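Here are my notebook entries from an afternoon of looking things up.

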Amino acid sequence: MKIKSLFVYTRQQRKGIFLLLLLIFALQCLYAFVDFSTEEPTVNQQKLKQYVVEIDSLKAIEIENRKPKVYRFNPNFITDYKGYTLGMGTAEIDRLLKYREQDKWVNSAKEFQQVTKVSDSLLAMISPYFKFPEWVTRSKSKHNSKFVHGNTLKTERQKIDLNVATVVQLQKVHGVGEKLSQRIVNYRDKYKGLTSLVELSDVYGLSPEVIESIKKEFKIGTPKAIEKISLNDATVDELVTIRHIDYEIAHAIIEQRTLREGYESMEELTKVKDFPIKKIEIIRLYLTL
C-alpha cells in the first residue's frame, strides 16, 4: 500500500503537472518560431567617409608638427653634429672644416657644393635654410670673402680671448649692448671660465646671429680645464654634475646604455628620452667615450 501511494497524485497535483508541461511546450514554441536577433544599425556611409577624412587630416597635421624644425643658419659654421643631422657625410663635413681653417668662406649654395661636394638632392634640401650675411645677399657682384661690412675678418691670432675679455671689448660687437656684455662676463665668471664658444648659447638673450658675430671677434684662448666623464662608465651622481642633465635624464641615459650594451657615439644620446638635444654640444664637452 505504501509503494502504490507514491504513484497516486491528487487532483491539484495533476493540474500543476499539466500546467508545467503546457508552459514548457509554450516556451519551446516561442523559441522555435520567434526571431530574437537584433537588427543591424544603419550606417550613413557619406558621414562616415567625412569623419575618416577629418581624422586623417588631423593625423597629418600632428605628424607635421612633430617633425624637427630646421632654422636658417650660416653654412660656414656647420659643426660635426650639425652636418650629421643635415645628412652630410663625414668626408663632406671635413672638406668644409678644412676650407674654413684656411680662413676662407662660402658665400653661396653653389660655392658650398663646390667645397663640400654634396649631392644635388641634398643641396636642394638644405640650401633653402642657408643664411648668409646681408652684405653677401645684397651684393650683385662677387665680393672678396675676406671682408664683412668693410672690415677684414680676423685670424685666430688677432681674435681676443673671451676668457679675459672686458665688458667694453664685448660691446664693440654689433648687437651686444651693456646688459648682454655683462651677462656674458657674469656667466663666464660663474663657471670660472669657458671651454668652448658653444657655451654662449646658454647666455640668456644672445641670438644665434649675435653669437656668430662674437665668434668673429673672440676665441677661447685659455680654455677652462674640464675633467671629462666616461659616458659608458658614469654613475647617476656623476652625470648630474653636468649642466642640463638632471636625475631623470641621467637614469634614462644609463637605461639606454644598458640596452645598447654601451654607447658607440655621442649622437646616440639624442635617442634618450627627454634628452636636451639643443644642448648636446655643451654636454659633450664634459663626456668622453
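**Entry 1: the whole protein**

I started with the surface: the accessible surface of the protein comes to about 20800 Å², and 56% of it belongs to carbon and sulfur atoms. Accessible areas come from the Shrake-Rupley method with a 1.4 Å probe, and for residues only the protein chains shown count as cover. I noted that this is a predicted model, where local features need pLDDT of at least 70, side-chain atom pairs count only at pLDDT 80 or more, and totals for chains, interfaces and linings use all residues. I also wrote down that residues are numbered from 1 along each chain as its sequence is written, and that side-chain values use heavy atoms, with hydrogens and water left out.

How many of the 289 residues count as buried? I found 32%. Buried means under 20% relative accessible area, exposed means over 50%, and partly exposed is in between (1.4 Å probe, protein chains only).

Next I looked up the secondary structure, which comes to 14 helices and six strands. Helices (H or I, at least four residues) and strands (E, at least two) are DSSP runs, numbered from the N terminus. I then checked contacts, meaning heavy atoms within 4.5 Å. Among contacts between residues at least 6 apart in sequence, 57% join residues at least 24 apart.

**Entry 2: helix α5**

Helix α5 covers residues 90-101, twelve residues in all. From its first C-alpha to its last I read 16 Å, close to the 16 Å expected at 1.5 Å a residue. The expected span is 1.5 Å times one less than the number of residues.

Which residues of α5 are buried? They are Glu92, Ile93, Leu96, Tyr99 and Arg100. Seen down the axis of α5, these buried residues fall within an arc of 125°, so they line one face of the helix. The arc is that of the directions from the helix axis to the C-beta atoms.

On the face turned away from the buried side I found the exposed residues Thr90, Lys98 and Glu101. The cover over the buried residues of α5 includes α4 (80-86), α6 (109-116) and α7 (120-126). After α5 comes Asp103, with a positive phi near 60°.

**Entry 3: helix α10**

I repeated the exercise on helix α10 (residues 178-190). Its 13 residues should span 18 Å at 1.5 Å a residue, and its end C-alpha atoms are 18 Å apart, which agrees. The buried residues of α10 are Leu180, Ser181, Ile184, Val185, Tyr187 and Arg188. They cover an arc of only 160° around the axis, which puts them on the same side of α10.

Glu178, Lys179 and Lys190 are exposed on the face of α10 turned away from its buried side. Among what covers the buried residues of α10 are α9 (167-170) and α11. Just after α10, Lys192 takes a positive phi of about 55°.

**Entry 4: salt bridges**

Side chains of opposite charge can pair when their charged atoms come close. A salt bridge is a side-chain nitrogen of Lys or Arg within 4 Å of a carboxyl oxygen of Asp or Glu. How many salt bridges does a search of the whole structure find? It finds ten.

One of them joins Lys215 and Glu212, at 3.9 Å from N to O. Both residues lie in helix α11 (residues 208-217), three residues apart, about one turn of the helix. Lys215 is partly exposed at 22% relative accessible area.

Glu268 pairs with Arg260, their closest N and O atoms being 3.7 Å apart.

**Entry 5: Lys271**

I finished in the loop between α13 (247-260) and α14 (280-283), where Lys271 has its place. Lys271 is exposed, with a relative accessible area of 59%. Leaving aside neighbours within four places in sequence, Lys271 is in contact with Gln256 and Arg260. The C-alpha atoms of Lys271 and Gln256 are separated by 8.4 Å, and the two residues are 15 apart along the chain.
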